Amino acid sequence: MKEEVQTNPHELDEETLFVVSQTFKALSDPTRIRILNLLCCAEHSVNDISEALNLGQSTVSHQLRFLKNLRLVKFRREGTTLFYSSDDIHVMNLLHQAIDHAKHE
C-alpha cells in the first residue's frame with residue numbers, strides 16, 4: 001500500500017503567494033491608499049480624483065492602471081469619461097482595518 005504524503009494545510013501555492021504579495025504592494029504606496037480610500041464610497045473620474053487628492057492626472061492614471069491590473073478597481077465609461085470604483089471588498093476591508101489600526105491609540 002502506497003503511503004500518501006501529507007502537505008501542510010497552511011502552505012501556500014506560488015500563485016496565491018504572488019497575488020497576496022501584489023495586494024500588499026498595492027497597499028504599500030501612500031498614493032494608492034489615498035485613491036482606494038476615496039473610491040471606497042463612490043465612483044470618481046480621473047479628474048475628480050486628481051482634484052480631490054491634489055495629484056496630477058498622469059499620476060492618478062498611472063496608479064489606477066496598476067490597481068485595475070490587480071482587479072482592485074473597475075471602471076465604467078460614460079461618453080469619453082471613465083468612472084472608477086473599488087472592485088474588491090476584501091481588500092477594501094483590509095485597507096480600512098489597517099487605517100483603523102493606525103488610528104487606534
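Modeller: Contact, a term used throughout, means heavy atoms within 4.5 Å. This is a predicted model, in which local features need pLDDT of at least 70 and side-chain atom pairs count only at pLDDT 80 or more, while totals for chains, interfaces and linings use all residues. Residues are numbered from 1 along each chain as its sequence is written, and side-chain values use heavy atoms, with hydrogens and water left out.

Biologist: In what order do the elements of the protein chain run from the N terminus on?

Modeller: The secondary structure of the protein chain comes to 5 helices and 3 strands, taken as DSSP runs (H or I, at least four residues, for helices; E, at least two, for strands) and numbered from the N terminus. Read from that end, the order is α-α-β-α-α-β-β-α.

Biologist: What share of the residues of the protein chain count as buried?

Modeller: Buried means under 20% relative accessible area, with exposed over 50% and partly exposed in between (1.4 Å probe, protein chains only). Of the 105 residues of the protein chain, the buried share is 28%.

Biologist: How wide an arc around the axis do the buried residues of α3 cover?

Modeller: Helix α3 takes in residues 46–53, and its buried residues are Val46, Ile49, Ser50 and Leu53. They lie on the same side of α3, because the arc they cover around the axis (from the directions of the C-beta atoms) is only 100°.

Biologist: Which residues are exposed on the other side of α3, and against which elements do the buried ones pack?

Modeller: Across the helix, the exposed residues are Glu51 and Ala52. The buried residues of α3 pack against α2 (30–39), β1 (44–45), α4 (57–69) and β3 (81–86).

Biologist: Why does His44 count as buried, and which residues is His44 in contact with beyond its neighbours within four places in sequence?

Modeller: His44 is found in strand β1. It counts as buried because its relative accessibility is 18%. With those sequence neighbours left aside, the contacts of His44 are Leu38, Leu39, Ile49, Leu82, Phe83 and Tyr84.
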